[in-house]
Amino acid sequence: GAPPGTQPQMMVPAQVVAAPTIESTIDLVGNFNELIVKQEIEVLEMLSGFETANRYTVMTKDKVPFLHCAEESGCCARQCLRSARPFIMHIVGNAGEIITLERPCKCFFHEVNVIDTKKKQPLGFVKRRFACCEKLFKVCDAKGTPLYEIRGACCCAWTFHITDMRHQEVGQIRKKWGGLFKEAFTDADTFGITFAMPVPPMHKILLLGAVFLIDFLYFEDNNNNNHGQF
């Protein structure tokens, strides 16, 4: 017991700080009508041509970073398959990895699966579809229900239009000009995602996944040999 004349001390429980969840991250992404996805310049790759794993930063339109993305892939796959390589993309917030993108190895109709890292549950996927005179992607939820189509011109497309299933444009994915040196000597690209209409936060996460697939398919190789990939 406490000594005579003194007040007993009360045990105060330590304050528990809840770690950010994927729900809070999705809500955070949902607050913005414009996002910037910037690929980091890899000096070793620029000087030697040795393909290294990609890294990206997701920022607000005011260039405030809030997500960091790191590619996980095999060294042999990066050198031999180049932009067609399978990968896992780890999307990390303040409390660690919250979203995982998985691109399986495919020769045609490439896709990326979007996964809730904490719960290990699929959120949806983005898949390349066949089209004669354009680049076409389908964005679907975890059950395979189509949500959006993403379309770009057949040749040299830098702007991809996002339409809902009623063919109403809701936004765009646009590659930004990085300057002559950056465009000529690196594959570090910057993309902007803009939403012209209200889009559910979860859908914005899926469309964010589409940016990485588009980058790998059409902008990863400086020699432009991958612009016709399916």
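1. Basis of the model. The structure is a predicted model in which local features need pLDDT of at least 70 and side-chain atom pairs count only at pLDDT 80 or more, whereas totals for chains, interfaces and linings use all residues. Residues are numbered from 1 along each chain as its sequence is written, and side-chain values use heavy atoms, with hydrogens and water left out.

2. Overall make-up. The protein has five helices and 12 strands, these being DSSP runs numbered from the N terminus (helices H or I, at least four residues; strands E, at least two). Of its 230 residues, 45% are buried, where buried means under 20% relative accessible area, exposed over 50%, and partly exposed in between (1.4 Å probe, protein chains only). The protein exposes about 12100 Å², of which carbon and sulfur atoms supply 61%; accessible areas come from the Shrake-Rupley method with a 1.4 Å probe, and for residues only the protein chains shown count as cover.

3. Nonpolar core. The largest nonpolar core has 47 residues, and those with the most contacts inside it include V37, F137, I150 and F212; such a core is a set of buried Ala, Val, Leu, Ile, Met, Phe, Trp, Tyr and Cys residues joined through side-chain atoms within 4.5 Å. Helix 5 (residues 201–218) gives the largest share of this core, 12 residues. Leaving aside neighbours within four places in sequence, I150 is in contact (heavy atoms within 4.5 Å) with residues including F137, F160, I173, L207 and I214.

4. Strands 3, 4 and 5. Five of the seven residues of strand 4 (residues 87–93) are buried. Strand 4 pairs in the antiparallel sense with strand 3 (residues 65–72) over five bridges and, also in the antiparallel sense, with strand 5 over seven bridges; two strands pair if DSSP finds at least two bridges between them. E72 has I88 of strand 4 as its bridge partner, while I91 has I99 of strand 5, and a hairpin of two residues joins strand 4 to strand 5.

5. L101 in strand 5. L101 lies in strand 5 and counts as buried because its relative accessible area is 1%. The C-alpha atoms of L101 and I88 are separated by 5.6 Å, although the two are 13 residues apart along the chain. Beyond neighbours within four places in sequence, the contacts of L101 include I88, I91, V114, G209 and F212.

6. Salt bridges. The structure holds 11 salt bridges, each a side-chain nitrogen of Lys or Arg within 4 Å of a carboxyl oxygen of Asp or Glu. In one of them the side chains of E51 and R82 meet at 3.4 Å, N to O, and this pair links distant parts of the chain, 31 residues apart. E51 is buried at 2% relative accessible area, whereas R82 is partly exposed at 28%. E51 and R82 also belong to a network of salt bridges with E71, R85 and E220.

7. Surface patch. F108, F109 and F130 form a nonpolar patch on the surface with about 340 Å² of accessible area together; patches are made of residues with over 30% relative accessible area and no salt bridge, like charges being joined within 9 Å and nonpolar side chains (Val, Leu, Ile, Met, Phe, Trp, Tyr) within 5 Å. F108 sits in the loop between strand 5 (96–103) and strand 6 (111–116), and F108 is exposed at 56% relative accessibility.
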